Amino acid sequence: MAARRADFDAVVVGGGFGGLYMLHRLRQLGFSARVIEAGGGIGGTWYWNRYPGARCDIESLEYSYQFSPELQREWRWTERFATQPEILRYIEHVADRFDLRRDVQLDTRVTAARFDDATSAWTVETERGRVTARFCIMATGCLSSTNIPAFPGRETFAGATYHTGRWPHEGVDFTGKRVAVIGTGSSAIQSIPLIAEEAAHLTVFQRTPAYTIPAHNGPIDPDFLHEVMDDYAGFRARNAALPFGANFPLNDVMAIEATPEERERQYEARWQRGGLGFITAYGDLLLNRDANDTAADFVRGKIREIVRDPAVAEKLSPKQVLGCKRLCVDSGYYATFNRPNVTLVDVSETPIEAITPRGIRVGAVEYEVDCIVYATGYDAMTGALTNIDIRGSGGRSLREKWAAGPRTYLGLGTAGFPNLFIITGPGSPSVLSNMVPAVEQHANWIGDCIAYLRANGRERIEATLEAEDAWVDHVNELANLTLYPACNSWYLGANVPGKPRVFMPYLGFGPYVARCDEVAANGYEGFALTP
Ligand code: N01
């Protein structure tokens, strides 16, 4: 398939982990491709998120590409959980090693993409001109469209403001400053301990307390490193078979069947091991509220042990289901609230009323600060897509199609939008799996699919409405068997006012991969292929 009526076989929007590997895979298959990236450098999330303490909550040996055994062998991670600078260095290394940069156009934001029924090609509009391509592949990331709440008076604030996901490259010096952090999700939890060490005073505005598990970060255990290096492929395959596609040791035992003493031992062991594997301590933690309560009680007990002021400990203690908002991983978060220069303001009942020139007003109190850090998250999973004016067959708008929530088939395609693919789109495991293997799986699947179209003389592929409807139902059925829908998480779009409440990720990496493989093996069933 030559790019007969188009500049390229494919345009890939986004130059993070997903977009870069997609480019590599397309090249291997003999397709021409251009990556268009809004940032001034490659790396996606890891280009933008430079806030203090930014690091991954998946272990380094897993949060990395596996498409090249040589790359896997060569690269040496220095820590169990890698920092943002180290992950960015890794991505840069991959780009150089595989000569990817020459097909990446930086500093170029995509504003629109339009499918032409006559030519079966996409025209992708950017702030710096347009390109055409047979296929348009969205590698725009799940957590890239930042969310800053529309607090009244926001623009009147006289000091500096930052969003964790758009952190200045030169860094920020908080020395001697009175700093406010709004939000207590993963980004806040990582940055708060470090900002507190630097600032004169830190005031944290918390609407919902988060559950966070210590990272116990440090150098990678050399024995474990050898073990993985001896059989990296086996390590990857074993992880892919686990529910989150990551090495969280699974315990099939049910918490409600264990004795209190056994549970205490199990939770303590997981707490000491550190990281997100706390959630797989028992098989029923995300299925049964009583089971979940036992884990939640354990963490609340830890908060009471760590935080000296009982009133502050109580405010920091989450009440919602543990894990239904993403669990956080921290280094010294709860202990930070023992510092004399840190104040916690609960805005759950009395919300932030306004931003004023001098600070933040909550009820009758104005908190005067010099800088505000918005750790207020993202318009997750859909925002980066609906921010682009995407028009499918007959000029249909994606934004309008998804007005009541995203609808996809396998998270990869959406009916009415031929030759459009989404890497880790809503309806795929994405954020509830290890993202790097997830993007590789999608890029491999998309590459194979486009090669299949070429081999079979097909110009156009599009998810059918029936397949999409059935898939959306299936995604929801699975979510409804769990406790995930129980709280206001970004998985449900509940953090963005007015966003439809729809559970977006698919639960279960292994079964998902099997289904994608089956769809491909059956000639891309559920998709309409036309000459
Ligand atoms: O964003 P979040 P994040 N008034 O949406 C609060 C990944 N990540 O950037 O919970 C007051 O989790 C909001 O409160 P509430 C990871 O997948 C990974 O921290 O909606 N507060 C919440 O506390 C993560 O889950 C890593 O009530 C308001 C906070 O802002 C995802 O990115 C590191 C508010 C937003 O938390 C997003 O994390 C960082 C308002 N009007 C991120 N609006 C690692 O790998 C929102 N909030 C470790």
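Accessible areas come from the Shrake-Rupley method with a 1.4 Å probe. On this basis, the accessible surface of the protein comes to about 20,700 Å². Carbon and sulfur atoms account for 50% of that surface. The model described here is predicted.

The overall dimensions were examined next. The protein has 531 residues, and its radius of gyration is 23 Å. A compact globule with that number of residues would have a radius near 24 Å, so the value agrees with a compact globule. Taken along the principal axes, the box filled by the C-alpha atoms is roughly 70 × 55 × 45 Å. The secondary structure comprises 16 helices and 20 strands. Of the 531 residues, 60% are buried. Contacts between residues at least 6 apart in sequence were also considered. Among these, 72% join residues at least 24 apart.

The ligand is surrounded by 22 residues. The closest are Ser187, Gln190, Arg207, Thr208 and Lys325. By class, this shell holds eight nonpolar, nine polar and five charged residues. A backbone N or O atom of aspartate 57 is 3.1 Å from a ligand oxygen. For alanine 375, a polar backbone atom lies 3.3 Å from an oxygen atom of the ligand. Tryptophan 490 uses its side chain: one of its polar atoms there is 3.0 Å from a ligand oxygen. On its own, the ligand has 910 Å² of accessible area, and the protein covers 89% of it.

Cysteine 56 lies in the loop between helix H2 (45-48) and helix H3 (69-74). Its relative accessible area is 5%, so cysteine 56 is buried; the cut-off for buried is under 20%. Beyond its neighbours within four places in sequence, cysteine 56 is in contact with Trp46, Tyr63, Phe81, Ala82 and Ile87. Arginine 34 is 22 residues from cysteine 56 along the chain, and the C-alpha atoms of the two are separated by 28 Å.

Helix H7 spans residues 232-240. Its buried residues are Tyr232, Gly234, Phe235, Arg236 and Asn239. These buried residues pack against H3, helix H6 (222-230) and helix H14 (435-455).

Threonine 123 belongs to strand S5, which covers residues 121-126. Threonine 123 counts as buried because its relative accessibility is 11%. Leaving out residues up to four places away in sequence, threonine 123 touches Ala112, Ala113, Arg114, Arg130, Val131 and Thr132.

Isoleucine 388 sits in a loop, between helix H12 (383-386) and strand S17 (389-391). With a relative accessibility of 6%, isoleucine 388 counts as buried. Residues up to four places away in sequence aside, isoleucine 388 touches Val13, Val110, Thr111, Ala112, Ala113, Met138, Thr140 and Arg399. Proline 357 is 31 residues from isoleucine 388 along the chain; their C-alpha atoms are 33 Å apart.

Backbone angles were then considered. Methionine 381 is not a glycine, but its phi is positive, near 70 degrees. This residue is found in the loop between strand S16 (371-374) and H12. Methionine 381 counts as buried because its relative accessibility is 4%.

Asparagine 419 also has a positive phi, of about 60 degrees, although it is not a glycine. Asparagine 419 lies in the loop between helix H13 (398-401) and strand S18 (420-422). Its relative accessibility is 0%, so asparagine 419 counts as buried. Not counting residues up to four places away in sequence, asparagine 419 touches Phe115, Ser120, Trp122, Arg134, Phe135, Cys136, Glu459, Arg460 and Ile461.

Methods:
Residues are numbered from 1 along each chain as its sequence is written. This is a predicted model: local features need pLDDT of at least 70, side-chain atom pairs count only at pLDDT 80 or more; totals for chains, interfaces and linings use all residues. Side-chain values use heavy atoms; hydrogens and water are left out. A residue is near a molecule or strand if one of its heavy atoms lies within 4 Å of it. A polar contact is a pair of N or O atoms within 3.5 Å; within protein, one must be able to donate a hydrogen and the other to accept it, and residues adjacent in sequence count only if both atoms are side-chain atoms. Ala, Val, Leu, Ile, Met, Phe, Trp, Tyr, Cys and Pro count as nonpolar, Asp, Glu, Lys and Arg as charged, and the others, Gly among them, as polar. Helices (H or I, at least four residues) and strands (E, at least two) are DSSP runs, numbered from the N terminus. Buried means under 20% relative accessible area, exposed over 50%, partly exposed in between (1.4 Å probe, protein chains only). Contact means heavy atoms within 4.5 Å. The radius of gyration is taken over C-alpha atoms; the globule rule is 2.2 Å times the number of residues to the power 0.38.
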